[in-house]
Amino acid sequence: MSARVTAVETIPVSVPAEESYETSLSVDTGGQGAYNHVIVRVETDAGVTGVGEIAPSSTWPHGLTQSAVLALIADRIAPIVEGEPLHHIPRLVAEVERALSGEPFPLYGVDVALHDALGKLRDQPVYDLLGGAPGSEPTVDLHYSIGIRPPEEVRERAAEAAAEGFTAFKLKVGGPDFAAEREAVAAIAEAVPDARIRVDANQGWTAAEAVTAVPELDEAADGLVLVEQPVPSDDTAGLRRVREATGVPVLADEACFSPRDVASLARQGACDIVNIKLAKTGGLSRGQDVATVASAHGLPCFMGSMLELGIGTAANAHFAASSPAVEYPSGVLNVHAASTLVEEWAAWEPDGDSFTVPDSPGLGVTLDEDAVDRYRVD
């Protein structure tokens, strides 16, 4: 059965955050107040509709505002995709990439929506479109992520998460109070004796600062699993310096968007692990390319997110479940938003520190139209 794309539509939404999630990128502005995302709908002449989601994140490298994403999809992406065969995703992705000149965020939402529609058309979950899940079922291991917070709050959250079954933790660092961050790392280690702790500075340090800070946090954690993006995204030499000077594995995030980035980082010995975020790669198709190049260079992968809501979380989970390159517990859940914008989210609730991706066709999510109407902002 074949189908053609008849329309690409966008819905801007602003979903309140139930609590702030502060990082070194947002700590000066009080954290994430609302999720100003874009929902993408792809309509087809076969009657199936695919959905995607974009978290523009303007503070990021290559990040965009919500309005910029809307304009790029309307002006550059829709004219390329509309009228084309749905199953021509690789060709469409390449054509859109050329039209966008290196802006991955808008492509991400459309690529995911195309995969969702194709999965529904073929009655297959997206993870099967991507090659299938290794093992008996599509399970995704999770870590529990904590923003920059006072040490006692971090301790309480870690203990609560441990009671739910979590042993892997990610703590945001790189803010203005390093002593408090060191205490927060130690608080997790004390509250959860078997905790596997990683820290994420989101580019918050210079290389010299990181070389001093990372060993202290490593000692407080009784051994860090890794440190994520300790230095600015364009400081590849700094990444390598932190890796060589501290001996703690370095995960590249903001420094790594494309297959070419992976190859460059690997050649320069700048990282040990690659963070795949579909928003950075431009979607599922290019995410697979990043994973392939990382594997070719002996670099395992972690599956991250841009704090997407339900649709983006589902897309990230399908990718993580289908990719043998993703070896670390994933950070695909956003527990801070007032709504996921999808119906029956209970099917995606984790069981302890993992969840099984539903085997429904496509992404396995349905838009909650009432919630979308409540939070749309156009």
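Analyst: Happy to! Buried means under 20% relative accessible area, exposed means over 50%, and partly exposed lies in between, with a 1.4 Å probe and protein chains only. This is a predicted model, where local features need pLDDT of at least 70, side-chain atom pairs count only at pLDDT 80 or more, and totals for chains, interfaces and linings use all residues. Residues are numbered from 1 along each chain as its sequence is written, and side-chain values use heavy atoms, leaving out hydrogens and water.

User: Why is Q229 called buried?

Analyst: Its relative accessibility is 0%, so Q229 counts as buried. Q229 sits in the loop between β8 (226-228) and α8 (236-246); helices (H or I, at least four residues) and strands (E, at least two) are DSSP runs, numbered from the N terminus. Q229 is not a glycine, yet its phi is positive, about 35 degrees.

User: And what makes Q203 buried?

Analyst: A relative accessible area of 17% does, so Q203 is buried. Q203 lies in the loop between β7 (196-200) and α7 (207-220), with a positive phi near 70 degrees.

User: Why does E343 count as partly exposed?

Analyst: E343 has 40% relative accessibility, so it counts as partly exposed. The loop between α12 (310-322) and β12 (354-356) holds E343.

User: How do you know that the span of helix α3 agrees with what it should be?

Analyst: The expected span is 1.5 Å times one less than the number of residues. For the 19 residues of α3 (residues 104-122) that should be 27 Å, and the end C-alpha atoms are 27 Å apart, so the two agree.

User: What makes α3 largely enclosed by the rest of the structure?

Analyst: 17 of its 19 residues are buried, so α3 is largely enclosed. Just after α3, D123 takes a positive phi of about 60 degrees.
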